[in-house]
Amino acid sequence: MLKTALLPNVNVTCITTDQYKTNALSVYLVRPLLEEEAAMNALLPQVLCRGNVQYPTMQAMSEALDDLYGSMLLGGTRKRGEHHLFGLGANFVGDAFTGTPQTVSMIQLMAATLLTPALQDGMFHTAYVDSERENLIAQIRALKNDKASYSSERLDALACPHEPFAVPNLGSEEQASCITTAALWQYYKQALSTSRIEIFYCGQTKADVIAQHFQDAFAHITMGQVVVSDSQFVASADTTRDFTDCEDITQAKLGFLWRTGVPAGHPDFLAAYVASVLYGGGTTSKLFTHVRERLSLCYYASAYLERHKGIIKAQSGVDMGNIDVARKEMLSQWEEIVLGHFTDEDFADAKSVMRNAWRSKADSPGGLEDFWQGQAVAQLCSSLDDWSKQLNDVTKEDVCRVASGFTLDATYCMRAQ
Amino acid sequence: MTKIETGTLGETAYTTQLDNGLTVIVVQKPGFTKKAGLLATRYGSVDMTFQSGGQVVTTPAGVAHFLEHKMFDMPDGRNVLQQFGQLGASPNAYTSNSLTAYHFETTNALTDCLTLLLNYVYTPFYTPESVEKEQGIISQELRMYHDTPQMRLFDELLALLYTKHPVRVPIGGTQESITAITADMLYQCYHTFYVPSNMVLTVVGDVTTDEVESLAQQYSPTEIAPVPTRDLAAGEPDTAGGDNITVAMDVPMPLFGIGVKLHQPTSVNPLSWQIQTKIALEVLSGTSSPLYSRLYADGLIDGSFGFDPFQFTQGCCMLFMGQSRDPLAVQNALFAEARRLVAEGIPAPLFQRVKRACWGGKLRSLDNPMSIARQVASCYLGGSDYFTLPTRFDEATMAGALSILAFLTPERTAMVQIRQKQGG
């Protein structure tokens, strides 16, 4: 892995390898997660993907991508803790398999799409903004279609009402519906000159070639004062709050949110990670073996650590009639972790699950992109290999000590009327 | 093992058939740390009626899926999932209309994982108690699907499109059908369909062929049993079973699905057919097609619009799905565009561009060992050799694509809409 600063606030992370047929490339702007910006961050990349000066229509863009052997160029918005990222990501077949300079063409297409959008009267095409705004609103409404992820979003909103974390990744329908072409154009120019930009590439091409092409592309951007984004860190909860929503569903959803007190990059981070895996990460976890397998209380039950925000969330889908018993059981399984009621074997299993997941992540261009962008956002530089090595030193005592500092902030239940 | 010619796919693959009939396919991926193993049987949700011991057997809906859940139980009480977990591997399984597959991904324990996989899949163990317990878990799973609009859409669409073919029955069965499933029934289906000659083992990663072959030999049954036969499509008409229904659910954004029944000539290779259908669909309504741009600009479709050829045992169709304020307008536009293309022909540059893009898409899917294992196994069980892909692409012609677009007529088409429940 090679990380280079192209400009004071433009960084490129490159992994040069000939292992994959697919190359991954992404350019993301890092913003603070804010209610007033979130919907614009979600809308902008979609508007940009509608056309640039060279390929001004969607059809022209799609044809160009088809010519590049069906490359994918997608706009995206990602919430990582309280950092909000938006930008473009591409997947394409490497030069060696097509005999054509795919990588350079893709960098040029991506840079052109980000920096030289198709214009009408000096700003975005109103028709593009209008239709993508409608699409965004539709997408925000459609979030409710998937009850598992919707319940997760509701838990964030209810548990963190006074923190930016409550802001959903796509923003709110209210914010989205009042975005005008002029306001979006204004914001676009402001965001380009005031955001840290993180570029990632994984493929056969050498890092200096990638850097040079992006350097050329970004040469004419004038950078202003960069807006710093950071996560608001809530170390612990004073009391546990219980929330319930009624929806038209046949399977209830349960959710729990703990404050870990461990921020990203803290020395206790891996111990907190192990605790989350022991509790609900995979088939050897407490939630899987007890709540699902032994007691048949649910179809799924799992937990994960949101490392940028320092929280652990557990979620489960249960029968309406089992809500109380499942909730009690899920919480008592957590107590088992805190009390150290897990065997050496459980402990080794959890570590093994983690190492395997990391090795797998390091084995795909998309997985590497996700990991390194996560590190870049938090300005961390340890690799997955570093994590693996540090994991050796995490003891059962570390896990119990760290887990006993977690506080249950909120419980959530989505049920039928 | 015999080396397989993979042409411009640039893969290194080997295959062999063991004496017991089990086909083993190994795809070597040097430098990859991830290794995937997948053992699959040609037994899916559609296999509800079949010949066994000279008799016709009919089973309730959802047995294949139920069996998949119960495969993880072992007579000595050990927990297979936990054992995989201890090896740091991620195991899973899935049941489709046409097959059931058990798989794992590992980075450092191939021998142990492969041994465990063969071991548990070839050790059936069911008791009335464990079956009863599983009914609770599966009942939850079915409820979850019932609340998931995309799953409902898929199930309702196939139920509307087909009148006889068992593809019209949901993969997991129904709350009622699963209560009729017994341990004896599971044994009978297991012994009919989990015979090595009806199965394929695929291993992908930085592995040696000798090790895979010798483990497969050591841990698969020695008995040779016949491949089960069944006639699923009997009496199924060419036309759609119905034309349009609406299901009310709690969905703020209405969804639609359009299914078009295809007729695949038996002389055509299934993989060729799949490629031809995919190209035809891209020409018709892919992102670079004139129709897509028009529908998108008119606000009739959004980025969620998609389509796929759908092949299953003894049948195939094409499916379009998405969100729209006016699904009927989308359907009519698809009919009109298909008619236009059939009458006027496909512009040669469009066809070539789409073909190249489809080929690139296939190449991009070859970086994930599990995805390769799935594609290779599903192709094999469907009756074709995945590694002939370059040839199948060469064979794809404009005339072939047009012949598929000609199926897009109202008689062969059904639509399901999922709309917001009143007062919901």
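**Labels and their grounds**

Student: Why is Cys49(A) called buried?
Tutor: In this predicted model, Cys49(A) has a relative accessible area of 16%, and because buried means under 20%, the label applies to Cys49(A).

Student: What makes Lys421(B) and Asp248(A) a salt bridge?
Tutor: Their closest N and O atoms are 2.6 Å apart, and the rule asks for a side-chain nitrogen of Lys or Arg within 4 Å of a carboxyl oxygen of Asp or Glu, so the pair qualifies. Across the interface of chain B and chain A, the rule finds 5 salt bridges, and the count of residue pairs in polar contact, with both residues at pLDDT 80 or more, is 30.

Student: Which element of chain B gives the most to the side that touches chain A?
Tutor: That is helix 12 of chain B, with 9 residues. The residues on this side of chain B divide into 22 nonpolar, 21 polar and 15 charged. In terms of contact, 58 residues of chain B meet 55 residues of chain A, and the area buried between the two chains is about 5,000 Å², with carbon and sulfur atoms giving 50% of that area.

Student: Why is Ser62(A) called buried, and which residues does Ser62(A) touch?
Tutor: Ser62(A), which lies in helix 2 (residues 58–67) of chain A, has a relative accessible area of 9%, and since the cut-off for buried is under 20%, Ser62(A) counts as buried. Once residues up to four places away in sequence are set aside, Ser62(A) touches Thr287(B) and Ser288(B).

Student: What makes Val416(B) buried?
Tutor: Val416(B), in strand 14 (residues 413–420) of chain B, has 0% relative accessibility, and this value therefore meets the requirement of under 20%. Leaving aside neighbours within four places in sequence, Val416(B) is in contact with several residues of chain B, among them Leu153(B), Leu157(B), Ile245(B) and Phe256(B). The C-alpha atoms of Val416(B) and Asn244(B) are separated by 5.7 Å, although the two residues are 172 residues apart along the chain.

Conventions
Residues are numbered from 1 along each chain as its sequence is written. Chains are lettered from A and ligands numbered from 1 in the order in which they are written. This is a predicted model: local features need pLDDT of at least 70, side-chain atom pairs count only at pLDDT 80 or more; totals for chains, interfaces and linings use all residues. Side-chain values use heavy atoms; hydrogens and water are left out. Buried means under 20% relative accessible area, exposed over 50%, partly exposed in between (1.4 Å probe, protein chains only). Contact means heavy atoms within 4.5 Å. Buried area is the accessible area (1.4 Å probe) that two parts lose on being put together, summed over both. A polar contact is a pair of N or O atoms within 3.5 Å; within protein, one must be able to donate a hydrogen and the other to accept it, and residues adjacent in sequence count only if both atoms are side-chain atoms. Helices (H or I, at least four residues) and strands (E, at least two) are DSSP runs, numbered from the N terminus. Ala, Val, Leu, Ile, Met, Phe, Trp, Tyr, Cys and Pro count as nonpolar, Asp, Glu, Lys and Arg as charged, and the others, Gly among them, as polar.
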